[in-house]
Amino acid sequence: MESTSKRMSLAEAVRQNIADGQVVFVGGFGQCIPFAVGHEIIRQRRKELTLCRSGADILFDLLIAAGTTRKVIAGYVGNPGIGLAHAFRRAVQSGEIEVEDWTNFSLVLRLHAGALGIPYIPTATLIGGDMPDHVDVRSIQCPFTGEVLRAVPALRPDVAIVHAQRADEDGNVQLFGLAGDTLEGALASRRIIATVEEIVPRSVIRQMPDRTVFPGFRVAAVAHVPWGAYPSYVDGYYTRDEQAYGEWDELARSDERLSTYIDADIRRVEGFAETMSRIDKQRLDALRETRRRLPAVSYTHLRAHETRHDLVCRLLLE
């Protein structure tokens, strides 16, 4: 039987699937932000990329500081809970990057249209205010009611980078917890690169088929990268490193310090595992210990026929 395995190293996944000048959707919503993939993009010195998502974390700031980025399409870019994305701000003010500014909701609609395979989607948003003067939206009339709406164009990135809890070798990816626009963005993309905390047997995936958010036939590559979303969090595995986000706020204020960090801790190391090895073990252990423990973190104990309501009730009782 011909192998269906999509498993490969992270370096090979990026080498095969991300080229200079492409549009890259960056997954994650508070949790599961694909920092490991971002590091590898920097390590392989990709450039002229267009980064997109509705609300962007400091991974955008890092990729911009490393010189990978030509354009940003987003509704928000910042350091969540802290403040500004300093490298992003400097790059915009200097004209180094172009910014296409949408509202969070309208950008999700663009990705949703891309995932549906339609050229645009009608909406009642972007009718007031001045944003319609700065983005490519058109007025349309509903053929059923005559109501005047806005049409926002579909967005179809070349590649999506995502992180999740687990997958099997065939690339069937299962995600638990907050997803934000990750599903729309990834499914709108022409290919998906996924990193996961665990590679599990096919039989485990089949126990909970409803949690497979990206089926293997839509995934170009899957790589096993524990801590692949650090310093963001992964539900059931580790919590967000608040200290790291605070440290980034200070680091990103200086081009010189930021450049030194990128060279020393990303470009001159062999991979994300080596970057993580430089972080104090007790600090990482504390992130695991303080995270609310879910029964059986691998989720293999859950019954396939269980409804979401049943699951919530049983977890509360436990």
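The backbone oxygen of I266 lies 3.0 Å from a polar atom of the R43 side chain, a polar contact (a pair of N or O atoms within 3.5 Å; within protein, one must be able to donate a hydrogen and the other to accept it, and residues adjacent in sequence count only if both atoms are side-chain atoms). The model is predicted: local features need pLDDT of at least 70, side-chain atom pairs count only at pLDDT 80 or more, and totals for chains, interfaces and linings use all residues. Residues are numbered from 1 along each chain as its sequence is written, and side-chain values use heavy atoms, with hydrogens and water left out.

**Exercise 1.** Describe the surroundings of R43.

Solution.
- Step 1: R43 is located in helix α2, residues 35-43; helices (H or I, at least four residues) and strands (E, at least two) are DSSP runs, numbered from the N terminus.
- Step 2: R43 counts as buried because its relative accessibility is 14%, and buried means under 20% relative accessible area, with exposed over 50% and partly exposed in between (1.4 Å probe, protein chains only).
- Step 3: Not counting residues up to four places away in sequence, R43 touches residues including R267, E270 and F272; contact means heavy atoms within 4.5 Å.
- Step 4: The R43 side chain also reaches the backbone oxygen of V269, at 3.2 Å.
- Step 5: R43 and R268 are 225 residues apart along the chain, while their C-alpha atoms are separated by 8.0 Å.

**Exercise 2.** Work out the strand order of the open sheet and state which strands stand at its edges.

Solution.
- Step 1: The three strands have the order β5-β7-β6, with antiparallel pairing; two strands pair if DSSP finds at least two bridges between them.
- Step 2: Four bridges join β5 to β7 (residues 148-153), and Y120 has P153 as its bridge partner in β7.
- Step 3: β6 and β7 also pair over four bridges, and Q141 has V148 as its bridge partner in β7.
- Step 4: β5 (120-123) and β6 (138-141) each have a single partner strand, so they stand at the edges and one side of each is left without a neighbour in the sheet.
- Step 5: In the hairpin of β6 and β7, six residues lie between the strands, and G146 takes a positive phi near 80 degrees.

**Exercise 3.** Identify the residues through which α8 meets α9.

Solution.
- Step 1: W248, E250 and L251 in α8 meet R257, L258 and Y261 in α9.
- Step 2: By class, this contact has four nonpolar, no polar and two charged residues; Ala, Val, Leu, Ile, Met, Phe, Trp, Tyr, Cys and Pro count as nonpolar, Asp, Glu, Lys and Arg as charged, and the others, Gly among them, as polar.
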